[in-house]
Amino acid sequence: STSSNTQHSEANYNDTSAEELVKKHYKLTPSELRHLPSFEDQNIYIAAVEGGEYVLKIINSENSKDPILFEVQTYVMNFLHDNGFPKNTERLIIGLLPLTDCGSGLQKYLMRLLTYLPGIPISKAPLSPRLLYEVGQTAARMDNILREVEHPQLNKLQRDSFTWSLSNVPILEKYIHVLDGDPLQEVVRSVLHQYKTTVSRKYPRFRKCKYIIIS
């Protein structure tokens, strides 16, 4: 996760280091290891000789400074699972790893091992009205369930500057240059324009989502 004004350092463990982490902390021997797409955390797919598929998630340096946020995210994931959502079950949570230099100076990183949920990312799936409807329906169901969550540190999830918050869509204009030369750029410009002219003015009518749990 990230905020628009915070500098995060992503971990950059190589295959050998990642294999050593898994052996030492989780008592598993990787038979296959590959790096998965990520934003600011490092996600590594692991198939174990002992059986099972996992994702080793090494949290970026900024969020690793806040283990309580880490704990609350885990609590919320468990709450969603208890209410019928599929879950990347945590094998174990490890505290801060020792100071490690992954290319950006000495840093400490939190990590967690999750069971791997096979599937196709929606970005690679053939889009259809039915699929988009189901995505919206699932998001609405999740929102309703999250309204029932209770935890003494739940305010950790109230991050107004969080980039992935829908209320921060306009800041994407700063990154529009990434699509220079791509026909999709005009589509994105159109969406941003509609958001600013149609959605923004309706903010007072919306119920604000209190909690952002993406990591």
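Reader: Between which two elements does the loop with Ile122 lie?
Author: This is a predicted model, in which local features need pLDDT of at least 70 and side-chain atom pairs count only at 80 or more, while totals for chains, interfaces and linings use all residues. Residues are numbered from 1 along each chain as its sequence is written, and side-chain values use heavy atoms, without hydrogens or water. Helices (H or I, at least four residues) and strands (E, at least two) are DSSP runs numbered from the N terminus. The loop with Ile122 lies between strand E7 (111–115) and helix H3 (129–146).

Reader: Is Ile122 buried, partly exposed or exposed?
Author: Buried means under 20% relative accessible area, exposed over 50%, and partly exposed in between (1.4 Å probe, protein chains only). At 42% relative accessibility, Ile122 is therefore partly exposed.

Reader: What is the area of the nonpolar surface patch that includes Ile122?
Author: Patch residues have over 30% relative accessible area and no salt bridge, with nonpolar side chains joined within 5 Å and like charges within 9 Å. A salt bridge is a side-chain nitrogen of Lys or Arg within 4 Å of a carboxyl oxygen of Asp or Glu; accessible areas come from the Shrake-Rupley method with a 1.4 Å probe. Ile122, Leu127, Leu132 and Val135 make a patch of about 360 Å².

Reader: Which residue in E2 stands opposite Arg34?
Author: Two strands pair if DSSP finds at least two bridges between them. E1 (residues 30–36) and E2 (residues 42–48) pair in the antiparallel sense over six bridges, and a hairpin of five residues joins E1 to E2. Opposite Arg34 stands Tyr45.

Reader: Which residue with positive phi follows H2?
Author: H2 (residues 67–82) reaches 23 Å from first C-alpha to last, close to the 22 Å expected; the expected span is 1.5 Å times one less than the number of residues. Its buried residues include Phe70, Val76 and Phe79. With phi near 100 degrees, the residue after H2 is Gly84.

Reader: How are the rings of Tyr13 and Tyr109 arranged?
Author: Rings of Phe, Tyr and Trp (its six-membered ring) pair if their centres lie within 6.5 Å; planes under 30 degrees apart count as stacked, over 60 as edge-to-face and the rest as tilted. The count comes to three aromatic pairs. Since the Tyr13 and Tyr109 centres are 6.3 Å apart and their planes at 75 degrees, the pair is edge-to-face.

Reader: How many residues apart are Tyr13 and Tyr109?
Author: Tyr13 is in the segment before helix H1 (15–26), and Tyr109 is in the loop between strand E6 (106–107) and E7. Both are buried. The pair links distant parts of the chain, with a separation of 96 residues.
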